[in-house]
Amino acid sequence: MAQSGPELNWRRPVTTTDLQILHFQTPLDGWRGRPFRVVQLSDFHLSKRLPLAYFEMAVQQANHAQADMVFITGDFVTGLSCIDQLPGLLQGLQSRCGIYGILGNHDYWADVEQVVETAQRGGVQMLRAGGQQVDLGDGQSVWLLGCDAPWSGARCQVPEVQAGQCVIGLSHSADYIYPLSRAGVKAVFSGHF
């Protein structure tokens with residue numbers, strides 16, 4: 001793992017606007033395709049408490065990674081006070097094979113349908129308790145599974161895929177890592193921190 005951003009130590013606490021960037025190389029069991037790059041963003045909590053410039057900086061940093069896919073793992077907003085800024089912010093994201101998102105608890109508490117519609121206007125393909133196959137090129141693809149549990153009330157169900165097909169899960173809460181891995185999901189990206 002590599003890390004960039006402010007140094008973490010007991011003398012200098014991490015604040016809300018201290019952007020932390022972590023780099024991981026994660027082998028996927030059974031994956032025979034070429035390596036691909038994922039950028040995960042989570043817990044924007046877009047609100048009036050933080051300057052829009054902070055979120056724009058996070059988008060610029062995400063674009064710098066030149067991702068094959070961008071995953072947004074929930075809590076787009078804290079409430080609806082700044083939701084009108086969300087599409088413009090999300091439209092700034094760049095990815096070779098798409099931008100995919102799920103909802104978090106704050107999105108459900110704010111207004112589920114309005115957050116979904118607004119994120120979609122920003123170019124995010126929302127994965128709501130379902131899966132989507134993503135073409136990575138050169139005949140390679142992965143399945144993405146969205147898991148909004150427990151706030152959605154729907155169970156996280158792995159789609160039926162061909163033997164050997166790679167399934168990646170997006171779950172706002174890390175609590176679902178174990179049941180998803182038992183169901184055959186090779187990696188789970190979560191937030192809720």
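## Strands and how they pair

Two strands count as paired if DSSP finds at least two bridges between them. Helices (H or I, at least four residues) and strands (E, at least two) are themselves DSSP runs, numbered from the N terminus. With that in hand, we can look at strand β9, residues 167-171, which pairs with β10 in the parallel sense over four bridges. Within this pairing, G169 stands opposite V188 in β10.

A word about what you are looking at: this is a predicted model, in which local features need pLDDT of at least 70 and side-chain atom pairs count only at pLDDT 80 or more, while totals for chains, interfaces and linings use all residues. Residues are numbered from 1 along each chain as its sequence is written, and side-chain values use heavy atoms, with hydrogens and water left out.

## The open sheet

Which strands make up the open sheet, and in what order? There are four, running β7-β8-β9-β10, and their pairing is mixed. In general, strands of a sheet pair through backbone hydrogen bonds, either parallel or antiparallel.

At the edges stand β7 (131-137) and β10. Each of these has a single partner strand, so one side of each is left without a neighbour in the sheet. From one strand to the next, the twist averages 25 degrees (axes are lines fitted to C-alpha atoms, for helices over the stretch in contact, and angles run from 0 to 180 degrees between N-to-C directions).

Now for the charged side chains. A salt bridge is a side-chain nitrogen of Lys or Arg within 4 Å of a carboxyl oxygen of Asp or Glu. Searching the whole structure turns up six of them.

How open are the two partners to their surroundings? Here buried means under 20% relative accessible area, exposed over 50%, and partly exposed in between (1.4 Å probe, protein chains only). K186 is partly exposed at 37%, and D29 is exposed at 61%.

D68 takes part in a salt bridge with R34, where the closest N and O atoms are 3.7 Å apart. This links distant parts of the chain, 34 residues apart: D68 is in the loop between α1 (52-64) and β4 (69-73), and R34 is in the loop between β2 and β3. D68 is buried, at 9% relative accessibility, whereas R34 is partly exposed, at 27%.

D68 also meets R96 in a salt bridge, at 2.7 Å from N to O. R96 lies in the loop between α2 (86-91) and β5 (99-102), 28 residues from D68. R96 is partly exposed, with a relative accessible area of 46%.

## Backbone details in the loops

Where can you find a cis peptide bond? One joins A149 and P150, with omega at about 5 degrees. P150 belongs to the loop between β8 (140-147) and β9.

Two other loop residues are worth a look. Q66, which is not a glycine, has a positive phi of about 50 degrees. Q66 is in the loop between α1 and β4 and is exposed, at 65%. D138 also has a positive phi, near 55 degrees, and is a residue other than glycine. D138 lies in the loop between β7 and β8, where it is exposed at 71%.
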